[in-house]
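Please open the model in your viewer and get ready to select a few pieces one after another. We will begin with the whole chain and then step inside.

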Amino acid sequence: MSQIVQQMLTCVGGILAGLTLAAAVLWRQQRALREARYAATHDDVTGLPNRRLFLARLRAAVEDTTPVGVVLLDLNGFKTVNDTLGHEVGNDLLQQVGRRLASLPPPVRVAARLSGDEFALLVRGNRDDTDAAARAAWRVIAADSIRVVNGDLHVTASVGYTHTRQPNTTVRHLLSQADSAMYEAKATDGGVREYLPHRTATVRSRDRHHR
């Protein structure tokens with residue numbers, strides 16, 4: 001083999017090694033970017049979409065003028081679980097609840113953890129669809145005990161929901177309405193409530209009066 005051919009092969013080998021190294025660096029950078037994006041939009045305990053992603057999806061649905069509903073859920077007695085059994089059990093419980101909510105079929109489009117023990121569902125559909133999704137969420141949590149690291153827990157949720165009633169409904173209005181309905185559920189029987197302005201206002205007033 002001539003010296004020129006050897007030099008050419010050495011040069012090609014160096015180029016290929018450099019390209020391989022560059023490709024590996026690029027792959028690591030892309031993976032790090034994907035992981036960073038995922039971490040920015042997903043809850044680190046449950047793996048569900050977080051508040052930021054949920055709001056983005058809800059905003060897109062509202063702007064699309066598609067009938068949409070919002071369901072908010074708050075676990076009953078979660079603070080007691082954390083205080084008596086510890087945060088490890090609390091996190092385990094949140095993970096199990098998250099899995100159950102994520103398994104809900106359409107018209108549920110997004111199941112998210114907003115903060116603490118508060119979860120949210122984005123429903124593509126009308127009032128009946130949203131009502132059905134809210135009751136399905138309540139049942140999937142309450143139906144069977146939830147196995148955690150040191151035993152089984154029976155958990156229920158207070159569920160409130162609302163849906164687009166007018167073309168100019170905003171994300172803020174939907175969240176506020178669903179939150180009011182959830183507050184009403186928690187203040188009464190911890191079940192499922194639809195946002196109804198007059199009834200919700202009455203419950204809030206009565207609750208403040210008894211404080």
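With everything selected, show the surface: the chain exposes about 12200 Å², and carbon and sulfur atoms supply 54% of that area. Accessible areas here come from the Shrake-Rupley method with a 1.4 Å probe, and for residues only the protein chains shown count as cover. This is a predicted model, where local features need pLDDT of at least 70 and side-chain atom pairs count only at pLDDT 80 or more, while totals for chains, interfaces and linings use all residues. Residues are numbered from 1 along each chain as its sequence is written, and side-chain values use heavy atoms, with hydrogens and water left out.

Of the 211 residues, 40% count as buried; buried means under 20% relative accessible area, exposed over 50%, and partly exposed in between (1.4 Å probe, protein chains only).

Now switch to a cartoon view. You will find seven helices and seven strands, in the order α-α-β-α-α-β-β-α-β-β-β-α-β-α from the N terminus on. Both kinds of element are DSSP runs numbered from the N terminus: helices are H or I with at least four residues, strands are E with at least two.

**The sheet**

Next, select the open sheet of five strands, whose order is β2-β3-β1-β6-β7 with mixed pairing. Two strands pair if DSSP finds at least two bridges between them. At the edges are β2 (108–115) and β7 (192–194), each pairing on one side only. From one strand to the next, the twist averages 20°.

Zoom in on β1, residues 68–75. Is this strand mostly covered or uncovered? Mostly covered: eight of its eight residues are buried. In a regular strand the side chains alternate between the two faces of the sheet. On one side of β1 look for Val-68, Val-70, Leu-72 and Asp-74, and on the other for Gly-69, Val-71, Leu-73 and Leu-75.

Seven bridges join β1 to the antiparallel strand β3 (residues 118–124), where Leu-121 is the bridge partner of Val-71. With β6 (residues 157–163), β1 also pairs in the antiparallel sense over seven bridges; here Gly-69 has His-163 as its bridge partner, and Leu-75 stands opposite Ala-157.

**Helices on the sheet**

Show α4 (residues 87–102), which lies across β1, β2 and β3 and runs at about 5° to β3. Then show α6, lying across β1, β3, β6 and β7 at about 145° to β6. Axes are lines fitted to C-alpha atoms, for helices over the stretch in contact, and angles run from 0 to 180 degrees between N-to-C directions.

Bring in α2 (residues 51–63): its axis and that of α6 (residues 171–187) come within 10 Å and cross at roughly 115°. Phe-54, Leu-55, Leu-58, Arg-59 and Val-62 of α2 meet Val-171, Leu-174 and Leu-175 of α6; contact means heavy atoms within 4.5 Å.

**The cores**

Finally, select Leu-73, Leu-75, Leu-93, Leu-101 and Leu-121, which touch the most other members of the largest nonpolar core, a set of 29 residues. Such a core is a set of buried Ala, Val, Leu, Ile, Met, Phe, Trp, Tyr and Cys residues joined through side-chain atoms within 4.5 Å. The helix α4 gives the most to this core, with five residues. Apart from this core lies another, of 18 residues, among them Leu-72, Ala-120, Val-171 and Ala-178.
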